[in-house]
Amino acid sequence: MYKIRYIGDPVLRRATKAIDTFDKSLETTIHNMIVTMHREEGIGLAAPQVGYSLKLCVVDISSIEEEEEPRAFINPEIIDSWGEDILEEGCLSIPDVRDDVSRPEGIRLKYFDENGQPREESFDGWMARVLQHEIDHLNGVLFVDYLPPFKRRIWQQKGLLPEKF
Ligand SMILES: [Zn+2]
């Protein structure tokens, strides 16, 4: 089980490394990330959020869309996107802050599955939303970076967002 890293921890801003070895240790990391995400009641978790600077994230939106199950995305890369959607986001690394973020509503994603197979797939709805949020983590970006200054101030005045982040 992993500990969650919170906003202000430099690992959340660090560059991540592509994964090139698909072995037992990767499988264990993925398993532990899924267990951690479930324990924290999150719908997505990126490796930097548990201290690993790796291009890896897990997503499980089954609490929103029943037919989905936990999935891992390795070296994910958005190659196309379309539309626009405003949805409220939160982040396990930024407890109690939730706010609207505008992002494309659909994405085309290139990634590797846990067996090292290259895959290409399109996503929309919540799956696209969570994937974009998690892929941002792999690039050191947090959803609060998108908030306009007046909204940041509100969260900062509530003491839920640091002055500098
Ligand atoms: Zn997050």
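The exercises below, with worked solutions, concern a predicted model.

**Exercise 1. The zinc site**

Find which protein atoms are the donors of the zinc ion, and how the donor residues are spaced in sequence.

Solution. Start at the zinc ion: its protein donors are SG of C91, NE2 of H133 and NE2 of H137, at 2.0 to 2.2 Å. Next, read the donor residues along the sequence, where the spacing is C-x41-H-x3-H. Then place two of them: C91 belongs to strand β4 (residues 85-91) and H137 to helix α2 (residues 125-138), so this pair, 46 residues apart, links distant parts of the chain.

**Exercise 2. Buried or exposed?**

Decide whether C91, H137 and D99 are buried or exposed.

Solution. The cut-off for buried is under 20% relative accessible area. C91 has 11%, so C91 is buried. H137 has 1%, so H137 is buried. D99 has 9%, so D99 is buried as well.

**Exercise 3. The surroundings of D99**

Locate D99 and identify the side chain with which its own side chain makes a polar contact.

Solution. D99 sits in strand β5 (residues 94-103). Its side chain makes a polar contact of 2.8 Å with the side chain of W155. Beyond four places in sequence, D99 touches L87, E88, E89, F143, L147, K151 and W155.

**Exercise 4. The nonpolar cores**

Determine which element supplies the largest share of the largest nonpolar core.

Solution. This core has 16 residues, and I30, M33, L45, L56 and V58 have the most contacts inside it. At least two residues come from each of α1 (24-39), β2 (56-59) and β3 (71-82). The largest share, five residues, is from α1. Another core, of 15 residues, lies apart from it and includes C57, M127, V130 and L131.

Definitions and conventions: Residues are numbered from 1 along each chain as its sequence is written. This is a predicted model: local features need pLDDT of at least 70, side-chain atom pairs count only at pLDDT 80 or more; totals for chains, interfaces and linings use all residues. Side-chain values use heavy atoms; hydrogens and water are left out. Helices (H or I, at least four residues) and strands (E, at least two) are DSSP runs, numbered from the N terminus. Buried means under 20% relative accessible area, exposed over 50%, partly exposed in between (1.4 Å probe, protein chains only). A polar contact is a pair of N or O atoms within 3.5 Å; within protein, one must be able to donate a hydrogen and the other to accept it, and residues adjacent in sequence count only if both atoms are side-chain atoms. Contact means heavy atoms within 4.5 Å. Donors are N, O and S atoms within 2.8 Å of the metal (3.2 Å for Na, K and Ca); water is not among the atoms, so sites may look incomplete. A nonpolar core is a set of buried Ala, Val, Leu, Ile, Met, Phe, Trp, Tyr and Cys residues joined through side-chain atoms within 4.5 Å.
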